[in-house]
Amino acid sequence: MLGGGGVAGIAWETGVLAGLADAGVDVTDADLLVGTSAGSTVAAQVGSGLSLDELFARQADPALQNEELTPTGLSVAELMEAWVRVFEESSGPEEARRRLGALALAAETVPERTRRAVIEGRLPVHEWPGRELVVTAVNATTGEPRVFDAASGVSLVDAVAASCAVPGIWPPVTIEGVRYVDGGVRTANNLDLAGGYGRVLLLAPMDDPSLAAESETVTEAGGRVEVIAPDEASLAAFGDDPLSPSTRTPSARAGRAQGVESAARVKSLWA
């Protein structure tokens, strides 16, 4: 399970996976990859066939980094304030998702094609892998969650672009005439989608108030959950703006170090 967290989250998650492998715990052979927002990028990259060292280099080495856009609209602080306000003022999560979708549809952002080109650059391979991978998004009009996979008939690039379409920052993504926004509008990790699996490892770059309830969904179905959240050094690498491309190198390096440090407890789950 790979959660949302901006470009810093992409780099950090990649670093954590590489660090775990450095310490002898390669978890990329998981039966299911679930990606939300930033995590959808990492999940697609893991399924690309490139080694973790290659994926790490694409995050940590400025010469190998793909071109990213710097947001020019809401700041991250303003965005978080808007999201919190919407959830506090809404009658429930469904209404909150619809209101965030409306915010996204009304926002002035870069064109969809410009943003899609960024996602294309992030992904080493643009076809769905021959393994189970799901990517989350939310219908911007109805607020209904949507899960994309190879059987959905939707291209991997479009699915990841939709999952990464942060309301108020990036444009909603049009798929089959429907506009979709970030999968993190539902929850930052969508951990409950792993219900029924025996071993669940979650990399969670962001705080998520739904995490406890979603973890319970997995454990009640007989599963075990291990969560890796950013440590102090990783949070410092993220800085105040995890959407800034400048966070990639320090976040990847901090994540790799944290992956090595986390290997012992993850090994007990993965053994």
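1. A salt bridge is a side-chain nitrogen of Lys or Arg within 4 Å of a carboxyl oxygen of Asp or Glu. The structure holds nine of these. Side chains of opposite charge can pair when their charged atoms come close.

2. This is a predicted model, in which local features need pLDDT of at least 70 and side-chain atom pairs count only at pLDDT 80 or more, while totals for chains, interfaces and linings use all residues. Residues are numbered from 1 along each chain as its sequence is written, and side-chain values use heavy atoms, with hydrogens and water left out.

3. Arg-122 is paired with Glu-68 in a salt bridge whose closest N and O atoms are 2.7 Å apart. Because Arg-122 lies in helix H6 and Glu-68 in the loop between helix H3 (52–60) and H4, the pair ties together parts that are 54 residues apart in sequence.

4. A salt bridge joins Arg-186 to Asp-192, with 2.7 Å between the closest N and O atoms. Arg-186 is partly exposed, at 27% relative accessibility, and Asp-192 is partly exposed with a relative accessible area of 21%.

5. Arg-265 and Glu-226 meet in a salt bridge at 2.4 Å, N to O. Arg-265 belongs to helix H10 (residues 248–270) and Glu-226 to strand E7 (residues 224–228), so this pair links parts 39 residues apart in sequence. Helices (H or I, at least four residues) and strands (E, at least two) are DSSP runs, numbered from the N terminus.

6. The largest pocket holds about 1100 Å³ of space. A pocket is an open set of points on a 1 Å grid over the protein atoms alone, where a 1.4 Å probe fits, with protein on both sides within 12 Å along at least five of seven lines; lining residues have an atom within 4 Å of a point. The lining of the largest pocket comprises 44 residues, and Met-80, Trp-83, Ala-188, Met-206 and Asp-207 lie nearest the centre. Helix H4 gives the most to this lining, with six residues.

7. The second largest pocket has a volume of about 340 Å³. Among its 20 lining residues, Ala-30, Asp-31, Leu-32, Arg-199 and Trp-270 are the closest to its centre. Strand E6 contributes the most to this lining, with four residues.

Terms used: Points joined across faces, edges and corners; volume = space filled by probe spheres on them. Buried < 20%, exposed > 50% of the residue type's maximum accessible area, 1.4 Å probe, protein only.
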